[in-house]
Amino acid sequence: MNSSTDKNDLIKLKAELICEGIKINKTSEKIYDMEHKTKIKRTSNMGLQLLLSDDMIVSIPYRKYNTSSYYLYEKGDKLFLTNDNLIVEVKPFPFTSPPWYDEKLKNGEYVSNYIQKEGKDVLICSITESCCYFSKAEQCAFCALNGKRNTNKHDRIKSITEALILSLKKDKSIKSINLTGGNLYTPDKGALQYINILKEIRTISNIPVVVEISPPDDLKVLQELKDAGATAIELNLEIWDEKIRKMMMPGKAKITRNYYIKSWKKAVLFEEENVSSAIIIGLESVESSLEGIKKMIEVCCLPSIIPFKPTEKSLLENFRKYNAEKVLYVTKEASKMLKTQQLSPVGGPGCIGCSACTLESDMYQLNK
């Protein structure tokens, strides 16, 4: 598939799709419905997934206000993506939603109410439906994790654990799990909520599990997570510029940038290439983002470089989308830094290994 299409062109196409989305038509609706049978939006990244080539997957933002010139059409039994200038044969992935999405838990809800499959082989799960910062209007401006369901926290954790174990037993293609969630106003920032889930997973599987948290007040909690079964950690800074951090994320910015650096250094206990941090490009200058990426890589923290995309029901819902050319530039520079430090983002667990929403793995392999 697309053996004649230059890898550079596919990476550029992927950048444009991540930033601009896709036109919604009957063909895209058909594919989207096939991939997301239950239609429950479990994360803001939930998009239409396509294979651009056998080794390149993209998760395309799928929102009604997309202004992209790209659209899908079918010809015979083949699927094509075009903007009337470039035509690329693609494949939907997954070709249908996993059958376990429709299985019911003990509480009567679907497994897919709690977890989803992203990329080719990653399970992603938010263990909370909200974040404490919303309660004091201190939420991150780009975030919409403010669920309204009144679910008992203990019951939710039990249901998540049940859903994860069921999916692992049913789906042997899963290669890693990414556990995420909102923060709590507690010294551990909510990290200890993952302990029981990790222990339960370890009763049936040695699969890599990534835990996505904010740095706890006591960094000994990182060792507790590893002892419980976590194999990798994401400590997501999101924005490097301190002034913009305080403006865009007033609650989370109370955890200083310097403390994040300290936390990344401490997290080496998870071993090389198992520590990462998301950085959102498009909310600060290119120079500032690259400065943050450079610091991450210097302390052996892999950057997950996420182009800003407006999320529905967030404070930045109507903010401008980011420029694909700048995404390509920043990611290419990061790839050079990674090679200098002899770090690789390819095939890692969780978001880094999934790479459906980012370009760092594709760019790294291109410039080997």
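Predicted model: local features only at pLDDT ≥ 70, side-chain atom pairs only at ≥ 80, totals over all residues.

**From a loop into the sheet**

Modeller: Cys300 is partly exposed, with a relative accessible area of 26%. Cys300 sits in the loop between helix H8 (286-298) and strand E12. Its phi is near 65°, which is a positive value in a residue other than glycine.

From that loop we can go on to the sheet. Strand E12 (302-307) is one of its edge strands, and strand E6 (115-118) is the other; each of them pairs on one side only. The sheet is open and has seven strands, in the order E6-E7-E8-E9-E10-E11-E12, with mixed pairing. In general, strands of a sheet are held in pairs by backbone hydrogen bonds, either parallel or antiparallel. From one strand to the next, the twist averages 25°. Helix H9 (residues 324-341) packs on this sheet, where it touches strand E11 (275-281) and E12. The direction of H9 makes about 175° with that of E12.

Strand E8 (residues 176-180) and strand E9 (residues 209-213) are paired in the parallel sense, over three bridges. In this pair, Asn178 stands opposite Val210 in E9. E9 also pairs with E10 in the parallel sense, over four bridges, and here Ile213 stands opposite Leu235 in E10.

Glu238 is in the loop between E10 and helix H6 (242-248). Glu238 too has a positive phi in a residue other than glycine, in this case near 75°. With a relative accessible area of 12%, Glu238 is buried, since the cut-off for that word is under 20%.

One of the partners of this region is helix H5 (residues 220-228). The buried residues of H5 are Val221, Leu222, Leu225 and Ala228. Looking down the axis of H5, these residues fall within an arc of 125°, so they line one face of the helix. As a general rule, an α-helix has 3.6 residues a turn, so residues three or four places apart point the same way. The buried residues of H5 pack against helix H4 (195-202), E9, strand E10 (232-235) and helix H7 (257-266). The face turned away from the buried side of H5 carries Lys220 and Asp227, which are exposed. Gly229 follows H5, and its phi is positive, near 130°.

At least two residues of the lining come from each of strand E2 (56-61), helix H10 (350-354) and helix H11 (360-366). H11 gives the largest share, three residues.

Conventions:
Residues numbered from 1 in each chain as written. Heavy atoms only, no water. Pairing = 2+ DSSP bridges. Axes fitted to C-alpha atoms, helices over the stretch in contact; angles between N-to-C directions. Contact = heavy atoms within 4.5 Å. Buried < 20%, exposed > 50% of the residue type's maximum accessible area, 1.4 Å probe, protein only. Arc of directions from axis to C-beta.
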